[in-house]
Amino acid sequence: MELDFEPVPTQDASTIEFACSAEPEPSPEYEVALAQVVMRELAAADTDAPDARRSFPVSARVIVRAMSWHWVDTCELTFNRLGALAVREALACVAEDREPQLIETRVRLLF
């Protein structure tokens, strides 16, 4: 997936917009999973994740530019993990005054 982050004034609420068509086809459950985790990460509400703990929320407009998934190998937890990583990378870019880096990961889920 590819996400763009744009700052908005702190008094404005964060938003997420899907400006793409998912491959192989749209998947409402994956879009919802991604949107929920992105909003939770921006709000610093994920207190179970040490990397997400901040004392203040961040407001942003998030645009999903590309999204793909696999019929067999994808689940909602994958989008939860990738969305969290994307928000943390965006915040690190701002904090470190640097360009975004490609996040290459293989999300492993144990059931």
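The legends below walk through several close-up views of this predicted model.

Residues are numbered from 1 along each chain as its sequence is written. Because the model is predicted, local features need pLDDT of at least 70 and side-chain atom pairs count only at pLDDT 80 or more, while totals for chains, interfaces and linings use all residues; side-chain values use heavy atoms, with hydrogens and water left out.

**View 1. The whole chain, from one end to the other.**
Welcome to the overview: the protein chain has two helices and three strands. Helices (H or I, at least four residues) and strands (E, at least two) are DSSP runs, numbered from the N terminus. Followed along the sequence, they come in the pattern β-β-α-β-α. Of the 111 residues in the protein chain, 32% are buried; here buried means under 20% relative accessible area, exposed means over 50%, and partly exposed lies in between (1.4 Å probe, protein chains only). Contact means heavy atoms within 4.5 Å. Among contacts between residues at least 6 apart in sequence, 75% join residues at least 24 apart.

**View 2. An open sheet of three strands.**
In which order do the three strands of the open sheet lie? The order is β1-β3-β2, and the pairing is mixed. Two strands count as paired if DSSP finds at least two bridges between them. Strands β1 and β2 are the edge strands, each pairing on one side only. From one strand to the next, the twist averages 20°. Strands of a sheet pair through backbone hydrogen bonds, either parallel or antiparallel.

**View 3. The two pairings of β3.**
Take the β1 side to begin with: β1 and β3 run antiparallel and are joined by six bridges. One place to look is Leu 3, whose bridge partner in β3 is Val 64. Now turn to β2, which runs parallel to β3 and is joined to β3 by four bridges. Here Thr 15 stands opposite Arg 61 of β3, and Glu 17 stands opposite Ile 63 of β3.

Helix α1 covers residues 28–42, which makes 15 residues. From its first C-alpha to its last, α1 reaches 21 Å, close to the expected 21 Å; that expected span is 1.5 Å times one less than the number of residues. The helix packs on the sheet, touching β1, β2 and β3, and its direction makes about 150° with that of β2. For such angles, axes are lines fitted to C-alpha atoms, for helices over the stretch in contact, and the angles run from 0 to 180 degrees between N-to-C directions. The buried residues of α1 include Tyr 30, Leu 34, Val 38 and Leu 42. Their cover includes β1 (2–7), β2 (15–18), β3 (60–66) and α2 (76–96). After the helix comes Ala 44, whose phi is positive, near 60°.

**View 4. Inside the largest nonpolar core.**
A nonpolar core is a set of buried Ala, Val, Leu, Ile, Met, Phe, Trp, Tyr and Cys residues joined through side-chain atoms within 4.5 Å. The largest one here has 17 residues. Those with the most contacts inside it are Leu 3, Leu 34, Val 38, Leu 42, Val 62, Met 67 and Phe 79. Two or more residues come from each of α1, β3 and α2. Which element gives the largest share of this core? That is α1, with six residues.

**View 6**
Rings of Phe, Tyr and Trp (its six-membered ring) pair if their centres lie within 6.5 Å; planes under 30 degrees apart count as stacked, over 60 as edge-to-face and the rest as tilted. By this rule there are three aromatic pairs. Tyr 30 and Phe 79 are stacked, at 5.1 Å centre to centre with 15° between the planes. This pair links distant parts of the chain, with Tyr 30 in helix α1 and Phe 79 in helix α2, 49 residues apart. Tyr 30 counts as buried because its relative accessibility is 9%, and Phe 79 counts as buried at 2%. Trp 69 and Trp 71 form an edge-to-face pair, 4.8 Å centre to centre with 70° between the planes. Is each of these two buried or exposed? Trp 69 is buried, at 13% relative accessibility, whereas Trp 71 is exposed, with a relative accessible area of 57%. Ring pairs link Tyr 30, Trp 69, Trp 71 and Phe 79 into a cluster.

**View 5. Asp 12 in its loop.**
Asp 12 sits in the loop between β1 and β2. With a relative accessible area of 36%, Asp 12 is partly exposed. Asp 12 and Ser 59 are 47 residues apart in sequence, and their C-alpha atoms are 6.7 Å apart in space.
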